[in-house]
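Trainee: Could you take me closely through one part of this model, and then show me what else lies in the interior? I'd like to follow it residue by residue.

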Amino acid sequence: MLTRQWRVSHSNPLGNDNNCVAATSAAELYTGTRNKNLEHCLDDIRLWLGAHPDAGPLILKLELKTGFSSRTGQGPAQLDAVLAARLGDRVFRPADLLGGHASLDAAARADAWPTRAQLAGKVIVELIPGTVEEGNPTDTLWTDVEYARHLAGLAAAGTLGTARAFPAVHRAQAADPRTRYADAALRPWFVLFDGDASAYVTGGIDTAWYDTNHYLLVTTDAQNVPPAVGDADADAAAARVAQLARAHASIASADWSTLPTVLDDVLPRG
């Protein structure tokens, strides 16, 4: 974001390092020069979903390493605009969940989420705070809070439909982790939670709470839950996904890039 462009990279803040290409059709998704900007990555997602209409929903997790920067034209509204322009109606929006409910929290607890079949072909965009802002003691406005304020402001103005993402409560924590937000009015805008799978499984956290309230729970690094499971053991990896499903996870992410038969598993929750 320092370059005033939406770069996509794990560790390089000044350049792209990804598998995105400038595809204009599904046939071009695995060809051409890689390392493109976010806009092309979103195009690739849209094209892939067009070729796989029964897939999804896809969870698109965006970590803004240094947070939003309205000064460089990369604030919450600008991100909404990019997502809208590139993904269009593929995005499942906060307004789509809200319906006639008073808040996203109320909608979730009323189980207003569409079914998985109804969400086929859709993208749910999740925003988590960036590693740089989380480690910067002078940064007092993280991505999660800034986007929650953005949602609250849009709702008050009657324009929530322009929002395209859900802020996530980042990192596992016992009880209701939204109590970390000093502004209690922001808490009902969080219905998506994201944290380390090991912490949820071994940290004494009541994950049934997420299931009971119909919140989305994303559990990361599934491969590291003790005992660790490598990407050469498909049976153990499948068992790990089943373990996390029983632990009320909505999504289990892992580094098993060589196990596509496990990565596409869909299991009952709880």
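**The disulfide and the buried interior**

Mentor: Happy to. In this predicted model, Cys 41 is buried, with a relative accessible area of 9%. Cys 20 is buried too, at 13%; both values count as buried because the cut-off is under 20%. The two cysteines form a disulfide, with their sulfur atoms 1.9 Å apart, and the count for the model comes to one disulfide. The link of Cys 20 and Cys 41 is right-handed, with 110° about the S-S bond. This pair links distant parts of the chain: Cys 20 sits in the segment before α1 (38-51), while Cys 41 belongs to helix α1, 21 residues apart.

Now let's turn to strand β3, residues 166-170. Five of its five residues are buried, so β3 is largely enclosed by the rest of the structure. Phe 166, Ala 168 and His 170 point one way from the strand, and Pro 167 and Val 169 point the other way. β3 pairs with strand β2 (residues 123-129) in the parallel sense over two bridges, and Phe 166 of β3 is the bridge partner of Glu 126. With strand β4 (residues 192-196), β3 pairs in the parallel sense over three bridges; here Leu 192 of β4 is the bridge partner of Ala 168.

The largest nonpolar core has 52 residues, and Val 125, Leu 127 and Phe 166 touch the most other members. Leaving out residues up to four places away in sequence, the contacts of Phe 166 include Phe 92, Leu 97, Trp 113, Val 125, Leu 127 and Val 191. Apart from this core lies another, of 11 residues, among them Ala 197, Val 225, Val 241 and Trp 256.

After the helix comes His 248, whose phi is positive, near 75°.

How values were computed
Residues numbered from 1 in each chain as written. Predicted model: local features only at pLDDT ≥ 70, side-chain atom pairs only at ≥ 80, totals over all residues. Heavy atoms only, no water. Helix = DSSP H or I, 4+ residues; strand = E, 2+ residues; numbered from the N terminus. Core = buried A, V, L, I, M, F, W, Y, C linked by side-chain atoms within 4.5 Å. Buried < 20%, exposed > 50% of the residue type's maximum accessible area, 1.4 Å probe, protein only. Contact = heavy atoms within 4.5 Å. Pairing = 2+ DSSP bridges. Disulfide = S-S within 2.5 Å.
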